[in-house]
Amino acid sequence: AKEPVRVLVTGAAGQIGYALVPMIARGVMLGSDQPIILHMLDIEPATEALNGVKMELVDAAFPLLMDVVATTDAMVACKGVNIAVMVGGFPRKEGMERKDVMSKNVSIYKAQASALEKQAAPDCKVLVVANPANTNALILKEFAPSIPEKNITCLTRLDHNRALGQLSERLKIHVGQVKNVIIWGNHSSTQYPDVNHATVTPTNSEEKPVRSVVADDNWLNTEFITTVQQRGAAIIKARKLSSALSAASAACDHIRDWLHVIKDNGQLFRVRLKIDDFSREKMDATAKELVEEKTLAYSCLN
Ligand code: NAI
């Protein structure tokens, strides 16, 4: 039998946590033959809720779940973890300044980076989900210098999956028939979903560029992009809560595909792509926002 893998989920008493931990315990993230030890971290006020989640995990009697560590102590939570999914964070509340939210998250990610730095397994892989995801990942990298930089990532897979979903709805084909969509930039409304390199393989036909199959550049360059950019807001409007099951599922996709690539090729690889003016402009805009976020985050460190 395989050795158990220790998977940390922070913010485990929250919405995404509630959708994510059963997926991990069922083998959706690491495969149906991989035993798991789940580490769940949340903050003191969520202690009871966190214990409730632990009770449900016990009640679900997952065959792969070897043990559950539920704690409000980051040092305990991070001990020996091989994979860390960072979902916990401080949400923006009505009337709060951007700087105040940033400042809260910078201090959370600084502290949790130190805990990972001291406690995590060597070669621990980190996925930051909590917003501002890209910038939280940057802070984590800064304060966990012994974790290889390439092991620290943030979640854009949800945006990617949303783009696949929109194309598949439009073309009335299955999502599995669409590939090579790219999301550039920040996980925010400036992100740029790029279909210029994407292809579809219609049933009983060969692979074709998405642009030629959709045959509506106007839709691809406007409505498609804004729908993907604003999908998170649309979910909040409909559900009165932000996306959780799709975020949890995307986190599993992210880790599963990442580990698979690493196993096959030793490391992530680079590809060379031609970028047109339309894309360049959209990429520059989201890059500018990331730089502003970075500046704001660093100003919170002092
Ligand atoms: P939630 O508010 O339901 O859960 C967050 C949990 O984190 C709460 O249980 C809270 O007590 C906990 N928490 C707060 N500070 C913590 C700390 N210092 N250490 C450990 N836990 C802490 O929120 P939800 O809906 O689960 O979303 C979580 C985060 O994921 C949010 O920041 C949200 O914006 C982000 N998100 C990111 C997506 C992406 O695609 N990157 C998609 C959807 C949500």
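The model is predicted, so local features need pLDDT of at least 70 and side-chain atom pairs count only at pLDDT 80 or more, while totals for chains, interfaces and linings use all residues. Residues are numbered from 1 along each chain as its sequence is written, and side-chain values use heavy atoms, with hydrogens and water left out.

**View 1. The shell around the ligand.** The ligand is surrounded by 21 residues, and the closest are Gln15, Ile16, Asp42, Gln112 and Asn131. By class, the shell holds ten nonpolar, ten polar and one charged residues. In this scheme Ala, Val, Leu, Ile, Met, Phe, Trp, Tyr, Cys and Pro are nonpolar, Asp, Glu, Lys and Arg are charged, and the others, Gly among them, are polar. Helix H1 (15-26) and helix H4 (98-119) each contribute at least two residues to the shell. Helices (H or I, at least four residues) and strands (E, at least two) are DSSP runs, numbered from the N terminus.

View 2. A polar backbone atom of glutamine 15 is 2.9 Å from an oxygen atom of the ligand. The side chain of glutamine 112 places an N or O atom 2.8 Å from a nitrogen atom of the ligand. For histidine 187, a polar side-chain atom lies 3.2 Å from a ligand oxygen atom. On its own the ligand has 870 Å² of accessible area, of which the protein covers 82%. A polar contact is a pair of N or O atoms within 3.5 Å; within protein, one must be able to donate a hydrogen and the other to accept it, and residues adjacent in sequence count only if both atoms are side-chain atoms. Accessible areas come from the Shrake-Rupley method with a 1.4 Å probe; for residues, only the protein chains shown count as cover.

**View 3. Histidine 187 in its loop.** Histidine 187 is located in the loop between strand E8 (182-184) and strand E9 (192-194). Its relative accessibility is 21%, so histidine 187 counts as partly exposed. Buried means under 20% relative accessible area, exposed over 50%, and partly exposed in between (1.4 Å probe, protein chains only). Leucine 155 is 32 residues from histidine 187 in sequence, and their C-alpha atoms are 7.7 Å apart in space.

**View 4. Helix H1 and the residue after it.** Buried residues in H1 are Ile16, Gly17, Ala19, Leu20, Val21, Met23, Ile24 and Ala25. Just after H1, glycine 27 has a positive phi of about 95 degrees.

**View 5. Threonine 10 in strand E1.** Threonine 10 lies in strand E1 (residues 5-10). Threonine 10 counts as buried because its relative accessibility is 1%. A polar atom of the threonine 10 side chain is 2.9 Å from the backbone nitrogen of valine 87.

View 6. Asparagine 131 and proline 132 are joined by a cis peptide bond, with omega about -5 degrees. Proline 132 sits in the loop between strand E5 (125-128) and helix H5 (133-143). Asparagine 131 is also one of the closest residues to the ligand.

**View 7. Alanine 61, with positive phi.** Alanine 61 is not a glycine, yet its phi is positive, near 50 degrees. The loop that holds alanine 61 runs between helix H2 (47-60) and strand E3 (65-71). With 57% relative accessibility, alanine 61 counts as exposed.

View 8. A polar atom of its side chain lies 2.7 Å from the backbone oxygen of lysine 237. Serine 243 is found in the loop between H10 and H11, and at 11% relative accessibility serine 243 counts as buried.

Methods: A residue is near a molecule or strand if one of its heavy atoms lies within 4 Å of it.
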